[in-house]
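Start with the structure itself.

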Amino acid sequence: MDALLQQLFNGLVSGSFYALLALGLSVIFGMLGVVNFAHGAFYMLGAFGALVLLDSFGLNWWLALLLVPIGLGLAGMVVERLFVHRLVALDPLYNFLLTFGIALILQDLIRLKYGVASQPYDRPDVLGGSVNLGLFSYPKYQVFVLIFSIVISVLVWLVLNRTRVGMIVRASTERAELTKSFGIDVRRWITPVFGFGIALAGLAGVLAAPMRAVNSGMGGDLIIVIFAVVVIGGLGSVFGSVAAGYIVGMLSAVGNLYVPALSQSLVFILMALVLLLRPAGLFGREEGVLA
Amino acid sequence: MSRCVTILASSPPTWESPLLNVADITARYGEAQVLQGVSLEVAKGQVVTLVGRNGAGKTTLLRSVMGLHRSMTGRVELDGTNISRMAPHKRCRLGLGYVPDDRGVYASLSVEENLTLPPKVGPDAWPLEKVYEAFPVLAERRRQAGTHLSGGEQQMLSIARVLRMGARMLLADEPTEGLSPLLVRQIGEIIRTVKAHGVTVLLIEQNVHFASTVADRHYLMAQGRVVESLDNSEVEQREHELLEYLGI
């Protein structure tokens, strides 16, 4: 029982990363119609951003948690303005070529400097050690990651659901073309939303630095699962992405406990089932094709 | 009975300048030429319907007027302003209110958010209280997701939304489609009310009889062209012929 609970907790912590990444990916897809294959690379840059800030500037993890997402968010906005916005009118194949190309370039740039070996990054002192959760004790840092990611998800949810900006983003995510006909300049919101999605990926990267292997491939490994998470939650559904993130995290962790051989595949089995039974995803909506 | 009264009381003078002027519009979907040079006019305060079979190009015409169809050529004027190259959101802000064929109700927005998404674009924008008074069901369900409403209620929401905006011209794509006779009558009432407020309406409608009870004039479309312009008496005289033509 304790083992199961502990494994569920591990799953929630993994799910925290899935949720933050899927959230950004989903909002970007909804609003731009672009599947951002570079999302994992920005997550990786988030972790390396924390590393560089510490090694070269002596800035600690807490500052990285603030500065890296802001910096990557701005970089994301530049990438959107320079490249991504050109995709809208093009065949979806170009979407793949561009964003996958960006991912490879970013990965190789990091590889040039750091090679493929993982870089060490110490967890912040305050979050060292473990906390007693009653039934088992758990690393303090992981508990922090879980709480922090939930807080961020809730904040994003509040902004999306309680503000006019959020309402516009939701409407544009659901039906971008239609939303224009209701007087909303959807294009104006695209660049900041893209930057915001990238900032979330960067934030996840900073959170990952002290507890995951920091290397150039860390994003590529994760992104495939994230795509499955987004599909399971429902493309374009913000709530769905977050919920599916935690669900997939727990599923993999529990699978790891009972059927270790299957644990890597479970997420894709779930995805296949969801696609069979609810093609629009658990929290997605069927959308008619506009005539 | 009320039908005759309405038509007589509200027929606008014919010399009024057109609010919407569409000149020689073409549009294509890939290889298919869907609109082959459509021209039409809608005078201020008039209700004009587009009738025609499925595939005649009616929906594409409305989408082109709204700016949602990229391959459009030709000229669209709203109140004398050339809006042919204008982005859809700017057309909306000039007072075009779009009621799309699929109702365009957002699942991720509550009923009230669906109503308040568009900015107010005209001096006659309905306050929410007025909307809720006219559509009590929307008031009851204001906190629910837009798509939790029934089909008819979503249609009400779609129309109420453009009234809340204060649009001066409605582009309504078959608002009566799939609705019960009771709801169709209700939509008819709404259109008459809207018209009484001076709003101009371009309406796609398959139901010729219904069309003649709400509209001043009718354009018959076929194969991407306007083939005839009819007034109500002509529609009544030729109802059977038209029904046969429309395949209903």
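Buried area is the accessible area, taken with a 1.4 Å probe, that two parts lose on being put together, summed over both. The model shown here is predicted. In it, chain A and chain B bury about 2100 Å² between them. Carbon and sulfur atoms carry 57% of that area.

**The interface**

Chain A brings 20 residues to the contact, and chain B brings 24 residues.

| Link between chain A and chain B | Count |
|---|---|
| Salt bridges | 3 salt bridges |
| Polar contacts (both residues at pLDDT 80 or more) | 11 residue pairs |

One salt bridge joins Arg175(A) to Asp102(B), with the closest N and O atoms 2.8 Å apart. On chain A, helix H6 (164-174) and helix H7 (176-180) each supply at least two residues of the side that touches chain B. The largest share of that side, 6 residues, comes from H6(A). By class, the side of chain A that touches chain B has 8 nonpolar, 4 polar and 8 charged residues.

**A helix pair within chain A**

Helix H5 (residues 140-162) and helix H8 (residues 186-208) of chain A pack with their axes 11 Å apart, at an angle of about 170°. Angles over 145 degrees count as roughly antiparallel, so H5(A) is roughly antiparallel to H8(A). H5(A) makes the contact through residues including Phe144(A), Phe148(A) and Ile152(A). H8(A) answers with residues including Phe196(A), Leu200(A) and Leu203(A). By class, the contact of H5(A) with H8(A) has 11 nonpolar, no polar and no charged residues.

Note on methods: Residues are numbered from 1 along each chain as its sequence is written. Chains are lettered from A and ligands numbered from 1 in the order in which they are written. This is a predicted model: local features need pLDDT of at least 70, side-chain atom pairs count only at pLDDT 80 or more; totals for chains, interfaces and linings use all residues. Side-chain values use heavy atoms; hydrogens and water are left out. Contact means heavy atoms within 4.5 Å. A salt bridge is a side-chain nitrogen of Lys or Arg within 4 Å of a carboxyl oxygen of Asp or Glu. A polar contact is a pair of N or O atoms within 3.5 Å; within protein, one must be able to donate a hydrogen and the other to accept it, and residues adjacent in sequence count only if both atoms are side-chain atoms. Helices (H or I, at least four residues) and strands (E, at least two) are DSSP runs, numbered from the N terminus. Ala, Val, Leu, Ile, Met, Phe, Trp, Tyr, Cys and Pro count as nonpolar, Asp, Glu, Lys and Arg as charged, and the others, Gly among them, as polar. Axes are lines fitted to C-alpha atoms, for helices over the stretch in contact, and angles run from 0 to 180 degrees between N-to-C directions. Angles under 35 degrees count as roughly parallel, over 145 as roughly antiparallel, 65 to 115 as roughly perpendicular and the rest as oblique.
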